[in-house]
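Good morning, and thank you for joining this group meeting.

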Amino acid sequence: MTPVFLDLDGTLTDPKPGITRSIVHALEALGMEAPEPDSLTWAIGPALVDTFARLGVAEPEVALGHYRARYTDVGLFENRVYPGVFEALDALREDGHRLFLATAKPHAYAKRITAHFGLADYLEAEFGPELDGTRNDKGELLAHARAELGLDGPGVMVGDRMHDHRAARANGLAALAVTWGYGDDSEHALAHAVCDTPADLARAVRTLAGQVA
């Protein structure tokens, strides 16, 4: 049974409305001019403190507080599961893979999302950073997850952004990029293989299973 680590945002669900609107809310709460939400898709995936720093916020942690004030009540469920994802998870499970969540979203939020949308039933365990920023780095998060699970062999990390692929390689996992999320071609080039549709996910994982970065 191959362990398969799945990203959440941009891989299992499309979180664009909740994330981008909550970033705008945070910037406006700080009295800053906010860009249009549709221009913020690059912010889906990386740690939010890094996003706010890139947006020129002097105190990213303060902005994060404003973001969470809206996201916790409203933005969390301004989200949808990508079409075909449930079928892909069924196929992965039928192939005998062990499925885990490895997300840059704090696990306190991620577990609410996976439970709300019915994704948690497919996952053996779920990993994400702490609200205080511990394990914001995806590589550290994957290392922690593997240590907690007692896994030191090969596996696959499935995600849409460069952070997923770099984290996979840093931990000796095969990196599988999915193109229906928010990464671009340059990011996908960092992965070992690319998958274009959820319908192809099980086959792509099957091909990569057992490979080591």
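In this predicted model, Phe 5 stands opposite Phe 100 of strand S4. Phe 5 also stands opposite Met 157, a residue of strand S6. The strand that carries Phe 5 is S1, residues 3–6. Four bridges connect S1 with S4, residues 98–102, and these two strands run parallel. With S6, strand S1 pairs over three bridges, again in the parallel sense.

Are the residues on the two faces of S1 buried or exposed? Pro 3 and Phe 5 lie on one side, Val 4 and Leu 6 lie on the other, and all of them are buried, which leaves both faces covered. As a general point, side chains in a regular strand alternate between the two faces of the sheet.

In what order do the six strands of the open sheet stand? The order is S5-S4-S1-S6-S7-S8, and the pairing is parallel. S5 and S8, the latter spanning residues 193–195, stand at the edges with a single partner strand each, so one side of each has no neighbour in the sheet. On average, neighbouring strands of this sheet are turned by 25° against each other, direction ignored.

I continue with strand S7. Its residues are 174–178, and five of the five are buried, so S7 is largely enclosed by the rest of the structure. Ala 174, Leu 176 and Val 178 point one way from the strand, while Ala 175 and Ala 177 point the other way. S7 is joined to S6, residues 156–159, by four bridges, and the two run parallel. Within this pair, Val 158 stands opposite Leu 176. S7 also pairs with S8 in the parallel sense, here over three bridges, and Ala 177 stands opposite Val 194 in S8.

His 188 is found in helix H8, residues 185–188. With 6% relative accessibility, below the 20% limit, His 188 counts as buried. Leaving aside neighbours within four places in sequence, the contacts of His 188 include Ala 177 and Val 194, together with Asp 160, His 165, Val 178, Thr 179 and Gly 183.

Helix H5 itself lies across S4 and S5, running at about 140° to S5.

Next, the packing of two helices. Two packed helices are described by the angle between their axes and the distance between the axes. For H6, residues 138–149, and H7, residues 162–170, the axes come within 8 Å and cross at roughly 50°. H6 and H7 are therefore oblique to each other, and H6 passes H7 in a right-handed crossing.

Which residues of H6 and H7 meet? From H6 they are Lys 138, Gly 139 and Leu 142, and from H7 they are His 163, Asp 164, Ala 167 and Ala 168. By class, this contact has three nonpolar, two polar and two charged residues.

I close with one backbone detail. Arg 135 is located in the loop between strand S5, residues 125–127, and H6. Although Arg 135 is not a glycine, its phi is positive, at about 65°.

How values were computed. Residues are numbered from 1 along each chain as its sequence is written. This is a predicted model: local features need pLDDT of at least 70, side-chain atom pairs count only at pLDDT 80 or more; totals for chains, interfaces and linings use all residues. Side-chain values use heavy atoms; hydrogens and water are left out. Axes are lines fitted to C-alpha atoms, for helices over the stretch in contact, and angles run from 0 to 180 degrees between N-to-C directions. Angles under 35 degrees count as roughly parallel, over 145 as roughly antiparallel, 65 to 115 as roughly perpendicular and the rest as oblique. A crossing is left-handed if the near helix is turned anticlockwise from the far one by less than a right angle, and right-handed if clockwise. Contact means heavy atoms within 4.5 Å. Ala, Val, Leu, Ile, Met, Phe, Trp, Tyr, Cys and Pro count as nonpolar, Asp, Glu, Lys and Arg as charged, and the others, Gly among them, as polar. Buried means under 20% relative accessible area, exposed over 50%, partly exposed in between (1.4 Å probe, protein chains only). Two strands pair if DSSP finds at least two bridges between them.
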